[in-house]
Amino acid sequence: MSPSLTEIRQNLAHAYDLAPSLDLAEQTREIWGRMARVVPFADWAMHAPYVQAINRLKAERGAVVLAHNYMTPEIYHGIADVVGDSLQLAIAATRVDAPVIVQCGVHFMAETSKILNPGKTVLMPDMAAGCSLAEAITPEGIAVMRARYPGAPVVSYVNTTAAVKAASDICCTSANAAQIVRALPGDTVIMTPDKYLAQNVARQVPEKRVVWWDGACIVHERFTAQDLRDFRAFQPDTTIIAHPECPPDVVAEADYTGSTSGIIDFVARERPAKALLVTECSMASNIADAHPAVEFVGPCNMCPYMKMITLEKVLWSLHSMTTPVEVAAELVAPARAAVERMIALSAAKAAA
C-alpha cells in the first residue's frame with residue numbers, strides 16, 4: 001500500500017532539512033535567476049531546499065530528469081537536465097546514459113521513456129498524472145478505425161498509452177504530425193486520438209484524406225475563436241501564438257501555430273513586443289526570463305495533470321525509488337517500433 005501524503009512528508013522531513021531558507025535561496029541565486037521574472041525570491045526560499053536535495057540525490061542515484069515544457073518553473077529551471085516537448089523528450093530518452101530517468105510530465109511520457117529504455121529505471125513522481133488524450137483512445141478504438149478504413153495507416157499521437165502505440169503504425173507529435181502524415185503511403189491516413197490536431201494537419205496536407213478519432217486535450221479545447229477575437233480587440237498589438245491541439249477556428253485566429261518547441265523558437269526568432277500563448281500556462285513562465293523584452297499576457301489554461309508533478313513528489317520518488325513505470329513485455333517491441341519510426345522519419349527530414 002502506498003504511503004499517504006502525510007507519511008511521505010514525515011519521511012522526507014526526517015531525511016532532509018526542507019524548511020524555507022533565505023540563506024539557501026541566496027546560495028542558489030544563480031538558479032533562481034533563470035526564473036526570477038515569474039518566481040518571487042520569497043517563493044524561491046521555499047523551493048530551494050527541495051531543489052538542493054533533489055540535485056544531490058540525482059548525483060547519488062545516477063539519475064537524469066526529463067521535464068516537459070509544461071512543468072512549473074522551479075522544476076523546469078531548478079532540477080531538469082533535459083527540457084522540451086514530447087518529441088524532444090522522446091529523442092532525449094534514447095540518448096540517456098544514466099541508469100535512472102525521472103519523468104517530469106505525465107504518465108504516457110514515462111511509458112515512452114521506458115519503452116525506449118527497457119533496461120533502465122523510469123520513475124514517475126505521481127502515477128495519477130494522466131492525460132485526457134491518452135484516456136480517449138484504446139487498442140479497441142484503433143481496431144474500429146482500421147475496420148472502418150481498411151488499409152489506411154494509423155498515426156497515433158505520443159499522448160497515448162503503450163498499448164495504443166503498440167496497435168499503431170507510427171507515432172507523431174504536434175511538431176512532426178504534418179510531416180509524418182505527408183510521408184505515409186496511400187490516400188487515407190487515420191489519426192488518433194486528437195481530432196483537432198488531425199483537423200489542423202488535414203489543412204496542412206490537403207493531398208491526404210485525414211480521418212480522426214473523437215478525442216481532445218482538456219487544456220486546448222477550452223480556448224475559443226471568440227476569446228481570441230475579443231482579446232485582439234482589447235489589445236491589438238498582441239501577437240497570438242497557438243498550439244495545434246486547439247480547435248481549427250482558434251488556430252485560424254492566431255498569428256502563428258506550432259508545437260511547444262515551435263512556440264519557443266518563434267518567440268526567440270521574432271521577439272514580439274507582446275505575446276499571448278494559447279496553450280498551457282507554464283509555457284510563458286518557463287521562457288519569460290530568456291526573453292525579457294517580450295511581455296507575456298493572458299489568458300492561459302492550466303493542465304491539472306501536469307501540475308500534479310511537484311518538487312515534493314520528485315524528491316520522494318528519488319528518495320524511495322518506489323514509483324517505477326513498467327510496460328507489459330508484449331507491448332514493448334511494437335510500441336517501440338512505432339516511436340522509433342517517428343524519430344527516424346523526423347531525423348531524416350532534419351538531415352535533408
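Let's start with Arg-29, which counts as partly exposed because its relative accessibility is 35%; here buried means under 20% relative accessible area, exposed means over 50%, and partly exposed lies in between (1.4 Å probe, protein chains only). This is a predicted model, in which local features need pLDDT of at least 70 and side-chain atom pairs count only at pLDDT 80 or more, while totals for chains, interfaces and linings use all residues. Residues are numbered from 1 along each chain as its sequence is written, and side-chain values use heavy atoms, with hydrogens and water left out.

**Salt bridges**

- The structure holds 13 salt bridges, each being a side-chain nitrogen of Lys or Arg within 4 Å of a carboxyl oxygen of Asp or Glu.
- Side chains of opposite charge can pair when their charged atoms come close.
- Arg-29 pairs with Glu-26, their closest N and O atoms being 2.8 Å apart, and Glu-26 is partly exposed at 42% relative accessibility.
- Arg-229 and Glu-253 form a salt bridge with 3.0 Å between the closest N and O atoms. This pair links distant parts of the chain, 24 residues apart, with Arg-229 in helix H12 (residues 225–234) and Glu-253 in helix H13.
- Both partners are partly exposed: Arg-229 has a relative accessible area of 38%, and Glu-253 has 24% relative accessibility.
- In the salt bridge of Arg-336 with Glu-340, the closest N and O atoms are 2.7 Å apart. These two residues sit four residues apart in helix H17 (residues 329–351), so about one helical turn separates them.

**Domains and their contact**

- The protein divides into domain 1 (5–130 + 305–320), domain 2 (133–218 + 328–351) and domain 3 (225–302), with bounds that come from an automatic or database domain assignment.
- The centres of domain 2 and domain 3, taken over C-alpha atoms, are 26 Å apart. Twelve residues from domain 2 and ten residues from domain 3 take part in the contact, where contact means heavy atoms within 4.5 Å.
- Together, domain 2 and domain 3 bury about 810 Å², 53% of it on carbon and sulfur atoms; buried area is the accessible area (1.4 Å probe) that two parts lose on being put together, summed over both.
- Ser-174, Tyr-196 and Asn-200 supply 49% of the area that domain 2 buries against domain 3, more than any other three residues.
- Helix H11 (residues 195–204) gives the most to the side of domain 2 that touches domain 3, with five residues. Helices (H or I, at least four residues) and strands (E, at least two) are DSSP runs, numbered from the N terminus.

**Two covered helices**

- H11 is mostly covered, with seven of its ten residues buried; among them are Tyr-196, Leu-197 and Asn-200.
- The cover over the buried residues of H11 includes strand E5 (154–157), helix H10 (177–183) and helix H13 (248–253).
- At the start of H11, a side-chain oxygen of Asp-194 comes to within 2.9 Å of the backbone nitrogen of Tyr-196.
- Helix H6 (residues 86–94) is largely enclosed by the rest of the structure, because seven of its nine residues are buried. The buried residues of H6 include Leu-87, Leu-89 and Ile-91.
- Asp-85 caps the N-terminal end of H6, with a side-chain oxygen 3.2 Å from the backbone nitrogen of Leu-87.

How values were computed:
A polar contact is a pair of N or O atoms within 3.5 Å; within protein, one must be able to donate a hydrogen and the other to accept it, and residues adjacent in sequence count only if both atoms are side-chain atoms.
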